[in-house]
Amino acid sequence: MSRYFIALLCLFFLIMQGMAMSMLPANLVYSDLLMTPHWILIFLLIIAIFYDKDDTYNAVWYGLAFGLLIDVVYTGVLGVYMITYTLIIYTVHGLNKWLHSNFLAASLLAVVGVALADTMLYIIYSFVQITSMTWGDYALLRLLPTLAANMIFFILLYPLVKEKVYAWGEEASNI
């Protein structure tokens, strides 16, 4: 049953992620700063940290499916988010084996995950010439605001879902 709730929450975040920019003040949206909400990635990183065990990779599969949905709904290049989210979640799942599952470790993994994902997306989009932003401009005008915005989302989401996700993980491992 928990897998359905996770999928429904991912679907909710997919919809809300598309509306996120319209919820911000106009002076922030129309400034030089570019923020990309990675809400599904943040939620799936929490799933990878607290739901998945060492031998389960549910978050990776969700990343594959919902990354493809992001590609279909929001981007013109299929597979970019799908591959990026899948690789980042797999990497964080592996790194989580070395850390204790607490707020500090989860925050660190979220920062690393979002930074790697957004940088990987920038490199791919630069390679296929969708973006021509220089590395310095990207780091200052896009990466830092994206990290800040997504960490605010993480800090708001973490206390709301952490215990429930952990309980779902225990329930799923007992089946």
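In helix α4, the residues Asn58, Ala59, Val60, Tyr62, Gly63, Phe66, Gly67, Ile70 and Asp71 are buried, where buried means under 20% relative accessible area, exposed means over 50%, and partly exposed lies in between, with a 1.4 Å probe and protein chains only. Helices here are DSSP runs of H or I with at least four residues, and they are numbered from the N terminus. This is a predicted model, in which local features need pLDDT of at least 70 and side-chain atom pairs count only at pLDDT 80 or more, whereas totals for chains, interfaces and linings use all residues. Residues are numbered from 1 along each chain as its sequence is written, and side-chain values use heavy atoms, with hydrogens and water left out.

**Helices α4 and α5**

- The buried residues of α4 are covered by parts of the structure that include α1, α3 and α5, where a contact means heavy atoms within 4.5 Å.
- Because an expected span is 1.5 Å times one less than the number of residues, the 17 residues of α4 should span 24 Å, and the 23 Å between its end C-alpha atoms agrees with this.
- Helix α5, which runs over residues 80-96, also has 17 residues and reaches 24 Å from its first C-alpha to its last, close to the expected 24 Å.
- An α-helix has 3.6 residues a turn, so residues three or four places apart point the same way.

**The loop between α4 and α5**

- Thr75 lies in the loop between α4 and α5, and its side chain reaches the backbone oxygen of Asp71 at 3.0 Å.
- A polar atom of the Thr75 side chain also lies 3.2 Å from the backbone oxygen of Val77; a polar contact is a pair of N or O atoms within 3.5 Å, of which, within protein, one must be able to donate a hydrogen and the other to accept it, while residues adjacent in sequence count only if both atoms are side-chain atoms.
- When residues up to four places away in sequence are not counted, Thr75 touches Ile70, Tyr81 and Tyr125.

**Salt bridges**

- A search of the whole structure finds three salt bridges, each being a side-chain nitrogen of Lys or Arg within 4 Å of a carboxyl oxygen of Asp or Glu.
- The side chains of Lys53 and Glu170 form one of them, at 3.1 Å from N to O, and this pair links distant parts of the chain, with Lys53 in the loop between α3 and α4 and Glu170 in helix α7, 117 residues apart.
- Lys53 counts as partly exposed because its relative accessibility is 25%, and Glu170 is likewise partly exposed, with a relative accessible area of 30%.
- Arg142 and Asp118 meet through their side chains at 3.4 Å, N to O, and they too join distant parts of the chain, since Arg142 is in helix α7 and Asp118 is in helix α6, 24 residues apart.
- Asp118 counts as buried because its relative accessibility is 0%.
- Lys162 and Glu163 meet in a salt bridge at 3.1 Å, N to O; Lys162 is buried, with a relative accessible area of 18%, whereas Glu163 counts as exposed at 53% relative accessibility.

**Gly169 in helix α7**

- Gly169 is found in helix α7, which covers residues 135-173, and it counts as buried because its relative accessibility is 2%.
- With residues up to four places away in sequence left out, Gly169 touches Tyr51 and Lys53.
- Gly169 and Gly94 are 75 residues apart along the chain, and their C-alpha atoms are separated by 17 Å.

**Leu9 in helix α1**

- Leu9 lies in helix α1 and counts as partly exposed because its relative accessibility is 27%.
- Leaving aside neighbours within four places in sequence, Leu9 is in contact with Phe43 and Trp168.
- Leu9 and Leu44 are 35 residues apart in sequence, and their C-alpha atoms are 10.0 Å apart in space.

Methods:
Helix = DSSP H or I, 4+ residues; strand = E, 2+ residues; numbered from the N terminus.
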